[in-house]
Amino acid sequence: MPSSVSLSTQVAGVVLPSCIYNASGPLCSHEDELHVIGQSASGAILSKSATREKRMGNEEPRYVDTGWGSINSMGLPNEGYLYYARFAQQAVAYDKPYFMSVSGLSLEDNVHIIRELEPFEHIAGIELNLSCPNVPGKPQTGYDFEQSRRTLEAVFPVCKQPLGVKLPPYFDIPHFQMMAEVLNDFPLAFVTCVNSIGNGLVIDLDSEQVLIRPKHGFGGIGGDYIKPTALANVRQFYTLLDKNVAIIGCGGVRSGEDAFEHILCGASAVQIGTQFMREGTACFERIAGELKNIMAKKGYSCLEDFKGRLKTLDG
Ligand code: DHB
């Protein structure tokens with residue numbers, strides 16, 4: 001592998017030794033899993049989305065890998081935010097930052113959690129999840145621009161760590177612009193694009209049944225099918241947001257080529273969800289190696305050589 005090629009990057013003012021790391025969701029709910037990520041080639045450790053209290057989540061089956069991707073309706077099973085906050089001290093053992101995903105069930109919960117995180121100085125940044133599609137009766141905040149603004153107005157004054165948001169995918173140009181207008185009014189450290197495409201439906205032809213039990217089979221779609229949507233969201237927000245906001249790409253990354261495309265669209269780092277669930281932490285080293293090989297072939301030695309430099313056909 002070409003050693004002259006570096007994948008290091010900066011997010012929230014801290015250095016990640018590699019731009020490839022885990023998405024919140026798979027295999028990051030328990031301490032032992034977080035340690036495994038710490039010991040791997042992942043460029044950071046990101047926790048499962050935490051709520052105020054511990055939750056068991058939705059009924060099983062609630063995650064199915066379909067080959068081309070995944071459908072999930074986990075329903076935020078997690079140990080409660082204090083568990084993930086306390087892990088920050090243990091994460092110091094690893095040469096990479098620890099980020100915590102926060103997904104309160106209400107604005108009040110988000111404010112409470114983020115205020116309580118203040119003493120945990122080893123949390124490098126908070127990824128505030130505005131896009132969980134799987135809690136029955138709870139709309140995705142990111143699709144309500146006014147509610148997104150109210151949330152950010154409420155959390156920033158109590159937040160001591162760098163804060164970013166995880167967005168749902170958008171599909172219409174005015175929606176990108178409306179959300180960017182909200183986000184540009186706040187000192188965000190990063191924006192993660194995208195969460196799963198919410199409320200898809202996958203069906204088994206033989207049994208004529210849905211694959212997962214919660215919500216009559218409706219769940220968040222990840223994996224190959226969402227890559228074009230993820231790339232579009234990375235590109236739009238890279239173009240529309242203030243240049244000091246790092247874009248984290250997430251969606252459909254299973255190879256170095258996919259990661260390269262996200263970075264070309266403007267991503268400073270790339271998260272792996274469905275493929276991490278499938279392959280375990282080996283995916284971080286494999287994808288990083290593939291990305292380095294592509295960069296070496298193209299004569300690039302660091303991400304800045306091609307980040308955001310996507311070409312269009314209009315000269
Ligand atoms: C869950 C799913 C998500 O897409 C998310 O952002 C947070 C939580 C879940 O079902 O647990």
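The model is predicted: local features need pLDDT of at least 70, side-chain atom pairs count only at pLDDT 80 or more, and totals for chains, interfaces and linings use all residues. Residues are numbered from 1 along each chain as its sequence is written, and side-chain values use heavy atoms, with hydrogens and water left out. Helices (H or I, at least four residues) and strands (E, at least two) are DSSP runs, numbered from the N terminus.

- Strand 8 spans residues 125-129, and five of its five residues are buried (under 20% relative accessible area; exposed is over 50%, partly exposed in between; 1.4 Å probe, protein chains only).
- Gly 125, Glu 127 and Asn 129 point one way from the strand, while Ile 126 and Leu 128 point the other way.
- Strand 7 pairs with strand 8 in the parallel sense over four bridges (pairing requires at least two DSSP bridges between two strands).
- Ser 101 has Glu 127 of strand 8 as its bridge partner.
- Strand 9 (residues 163-167) runs parallel to strand 8, joined by four bridges.
- Here Ile 126 has Leu 163 as its bridge partner.
- Strand 7, helix 3 and strand 8 form a right-handed β-α-β unit (with the strands pointing away from the viewer, the path from the first strand over the helix to the second runs clockwise).
- Strand 8, helix 4 (residues 145-155) and strand 9 also form a right-handed β-α-β unit.

**Ser 103**

- Ser 103 sits in the loop between strand 7 (98-102) and helix 3 (107-116).
- Ser 103 counts as buried because its relative accessibility is 3%.
- Beyond neighbours within four places in sequence, its contacts include Ser 49, Thr 51, Asn 110 and Asn 129 (heavy atoms within 4.5 Å).

**Strand 16 and its partners**

- Strand 16 (residues 267-272) is mostly covered, with six of its six residues buried.
- Strand 3 (residues 20-22) pairs with strand 16 in the parallel sense over three bridges.
- Tyr 21 has Gln 271 of strand 16 as its bridge partner.
- Strand 15 (residues 246-250) runs parallel to strand 16, with four bridges between them.
- Ile 248 stands opposite Ala 269 in strand 16.
- Strand 15, helix 7 (residues 256-265) and strand 16 make a right-handed β-α-β unit.

**Leu 201**

- Leu 201 lies in strand 11 (residues 197-201).
- Leu 201 counts as partly exposed because its relative accessibility is 40%.
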